[in-house]
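Please find below a colleague's note on the structure shown here.

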Amino acid sequence: MTLECSVPPGTSIPSYRDGNLAAMAGSGDVPPLIEDRLRAVCLGLPSAYEEPAWTGIRWRVRGRTFAHACTVEADNPTSHARVFATDGPVCVVTFRAPAEEVAGLISSGFPFYWPGWGANVVGLVLDGQTDWSEVAELLTDSYCVQAPKKLARLVDRPPAHPAQAS
């Protein structure tokens, strides 16, 4: 299976495969268009900030990471690379999910996966089929899982479904 780091269909971005390393974002390995989309969501949340991670880029609130994006190479021995077989680079974002949603996300299969650490950590492959509205919702939920309650209450969220309300 070949997975490319990409954005919505019809939008092409330079990639490692093109040999265009200069087109990669300042974070080192996340394509600029993907990084910009993630940044727009994450930095719109109260007291959120971004910083370089050991690879890629991460977004945090009060020292807690709620999103981390990076590019995974097929030959990289990380837990990400072991999750799916690929012969090319794959962009992923990991995030925290509410405990009651973790199993459902992971069991739904591709593009979701469990990266191998953390009971509430979920990985998501970002490709041409990515639903960016869903990504925004997942990252907002992740922020609310990690943020102090005082900050999480400041986030505008849709009302809970009647089945979820208690």
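1. Confidence. The model is predicted, and the mean pLDDT of the chain is 78, with 69% of its residues at 70 or more. Where pLDDT is low, the predicted coordinates should not be read in detail.

2. Strand 2 and its partners. Strand 1 (residues 48-52) pairs with strand 2 in the antiparallel sense over five bridges, and Pro52 stands opposite Ile57 of strand 2. The two strands form a hairpin with four residues between them, and Gly56 in the turn has a positive phi of about 75°. On to strand 3, strand 2 is again joined by five bridges in an antiparallel arrangement; here the bridge partner of Ile57 is Ala69. The hairpin of strand 2 and strand 3 has two residues between the strands, and Arg62 takes a positive phi near 45° in it.

3. Burial of strand 2. Is this strand enclosed or open? Five of its five residues are buried, so strand 2 is largely enclosed by the rest of the structure. Ile57, Trp59 and Val61 point one way, while Arg58 and Arg60 point the other way, and burial applies to all of them.

4. Strand 4 between its partners. Strand 4 runs antiparallel to strand 3, with six bridges joining them, and Cys70 stands opposite Val92 in strand 4. Six bridges also join strand 4 to strand 6, again antiparallel; in strand 6, Val122 is the bridge partner of Phe95. Six of the seven residues of strand 4 are buried, so this strand is largely enclosed by the rest of the structure.

5. In soluble globular proteins, nonpolar side chains tend to be buried together. Here the largest nonpolar core has 32 residues, and Leu38, Phe66, Phe95, Leu126 and Tyr143 have the most contacts inside it. Elements that each supply at least two residues include helix 1 (32-42), strand 3 (64-72), strand 4 (90-96) and helix 3 (99-107). Helix 4 gives the largest share, six residues. Beyond its neighbours within four places in sequence, Tyr143 is in contact with residues including Leu45, Val61, Phe66, Leu151 and Val155. A second, separate core has six residues, among them Cys70, Val72, Val92 and Val125.

6. Salt bridges. How many salt bridges does the structure hold? There are five. Arg39 forms one with Glu35, the closest N and O atoms being 2.4 Å apart; both residues lie in helix 1, four residues apart, about one turn of the helix. Arg39 forms another with Glu50, with the closest N and O atoms 2.7 Å apart. This second pair links distant parts of the chain, since Arg39 is in helix 1 and Glu50 in strand 1, 11 residues apart. Glu35 is buried at 5% relative accessible area, whereas Arg39 is partly exposed at 22% and Glu50 is partly exposed at 28%. Glu35, Asp36, Arg39 and Glu50 are linked in a network of salt bridges. Elsewhere, Arg60 forms a salt bridge with Glu51, the closest N and O atoms being 3.1 Å apart, and Arg60 is buried at 16%.

7. Cysteines. A search of the whole structure finds zero disulfides. Cys42 is buried, with a relative accessible area of 0%, and Cys144 is buried too, at 14%.

8. A loop residue. Asn120 lies in the loop between strand 5 (112-113) and strand 6 (121-126). Is Asn120 buried or exposed? Its relative accessibility is 19%, and buried means under 20%, so Asn120 counts as buried. Leaving aside neighbours within four places in sequence, Asn120 is in contact with Phe95, Arg96, Ala97, Val102 and Val145. One of these, Phe95, is also among the residues with the most contacts inside the largest nonpolar core.

Key:
Residues numbered from 1 in each chain as written. Predicted model: local features only at pLDDT ≥ 70, side-chain atom pairs only at ≥ 80, totals over all residues. Heavy atoms only, no water. Buried < 20%, exposed > 50% of the residue type's maximum accessible area, 1.4 Å probe, protein only. Contact = heavy atoms within 4.5 Å. Core = buried A, V, L, I, M, F, W, Y, C linked by side-chain atoms within 4.5 Å. Pairing = 2+ DSSP bridges. Disulfide = S-S within 2.5 Å. pLDDT = per-residue confidence, 0-100. Salt bridge = Lys/Arg side-chain N within 4 Å of Asp/Glu carboxyl O.
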